[in-house]
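Let me put the structure up, and then we'll walk through it together.

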Amino acid sequence: MSGTIIIDSGGANLASLQFAFERLGESVRVSADAGEIASAERIVLPGVGSAADAMQRLQRSGLAAQLATLTQPVLGICLGMQLLFEHSAEGDAPCLGIIPGTVRRLEARTARPVPHMGWNRLGALRPDPLLAGLAPEAYFYFVHSYAVAVGPPTLASVEYGESLSAVVRHNNFWGVQFHPERSASSGARLLQNFLTL
Amino acid sequence: MRFRDHRVVGDIMTLASRYRDEGADELVFYDITASPEGRSVDREWVRRVARVLDIPFCVAGGIRSVADAEAVLNAGAEKVSINSPALADPALIDALSRRFGAQCVVVGIDSQLTPEGYRAYQFTGDPQRTQHSGRDVLQWVQEVQARGAGEIVLNCMGSDGVRRGYDIEQLRAVREVCRVPLVASGGAGAIEHFAAAFRDACVDAALAASVFHSGVLGIAELKRALSAQGIEVRV
């Protein structure tokens, strides 16, 4: 077993996530190698680009099939969380199908523009080691145009004109819609919790 | 022209850490002379900033291609903001949005009231080269959204740098046609100016520079005051 790996699905912008783990004293590797991923203690699935593009890259590299078989803690972030579900309306893309449910587009409303960008508090936190020590008034930074409705896997929700899944869990798969790497001290706490799972 | 005489406000790492600790929600780094000088933003400082910042940040200045944007995003920025290059080549907005998603693509607009209405200006980082782009701001706001911009920063040039308040009337006019997050910029000098932008122009965020750089107003003090007025901010 070796450390934490951030899955490289071929897109840009993994540096901020890597730096966030470095600030916690954890050196993480970025990899797309099936062997390295299988033997890692923990896996992070970041979100890059659109659902259809990301799924295409995961299919091409063979990682899509491997991800569902992982038994170590997996954390999907933003699009990475959405990919864990069955289907996304973004590009009508079949996703990994690890968590039951679908991803749909946010609807722009008065005072609720889309993309949803900004700091929001979580609601209805269910007890979970990933959320240990996080106060209900903790703010997290969200940036997304697609979302998962609140359902059985929801550990915490966020209000944005409607209730959306902010944190989900299904067995050893966790997902967060916000960006913990850009959510100041509350995000750091969540990532620290992930490292102890 | 309030853009003359840009001040050097000190080492960006020091400022970045200071604003992070004071509770800023997002930082925007403008390399304002990049476009007028025809160069792209230097990306080594972007990596250095990304290592210390645990809040989102956006980089603006001379991003003229998908490759320029990719370099900045790979170095750890959340978003890129384009202004003059978007006016010169509007299809750049479509290309960036397709490649990185709308949430990464901010379009900055330097706007000024003329006898013909609000007009967008380019190369505003250099008073010698600043020029009227010929574009109507309200039409440009609609076009950039259709092309895939995920956020608009409206910098009202008439009020920028003088700290007499945001141009609420202009922000309201743009808000009417803006369905993506709208950020007010230019003119903040007091707590009440921020409150007015949120309350009267319904902006999603308010950006300010000189009022914070000069130490006239602290971010923590500002956010506590806005919160006390019932405006939702992260405190």
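So, look at A:Ser88: its bridge partner in E7(A) is A:Val103. Keep in mind that this is a predicted model. Where does that pair sit? Strand E5, residues 87-88 of chain A, and strand E7, residues 102-105 of chain A, run parallel and are joined by two bridges.

Zoom out a bit, and those strands belong to an open sheet of four, in the order E6-E5-E7-E10 in chain A, and the pairing is mixed.

Okay, next sheet. Chain A also has an open sheet of seven strands, again with mixed pairing, and the order is E2-E1-E3-E4-E13-E12-E11. Why is one side of E2 and of E11 left without a neighbour in the sheet? Because E2 (29-31) and E11 (154-159) of chain A stand at the edges, and each has a single partner strand. Ignoring direction, neighbouring strands in this sheet are turned by 25° against each other on average.

Inside that sheet, have a look at E12 (163-170) and E13 (173-176) of chain A: they run antiparallel, with four bridges joining them.

Last thing, the contact between the chains. Chain A puts in 25 residues and chain B puts in 25 residues. On chain A's side, the elements giving two or more residues are H1 (15-23), E8 (116-121), E9 (139-144) and H6 (184-195). H1(A) has the largest share, with five residues. And by class, that side of chain A has 15 nonpolar, eight polar and two charged residues.

Note on methods
Residues numbered from 1 in each chain as written. Chains lettered and ligands numbered in written order. Predicted model: local features only at pLDDT ≥ 70, side-chain atom pairs only at ≥ 80, totals over all residues. Contact = placed C-beta atoms within 7 Å. Nonpolar A, V, L, I, M, F, W, Y, C, P; charged D, E, K, R; others polar. Pairing = 2+ DSSP bridges. Axes fitted to C-alpha atoms, helices over the stretch in contact; angles between N-to-C directions.
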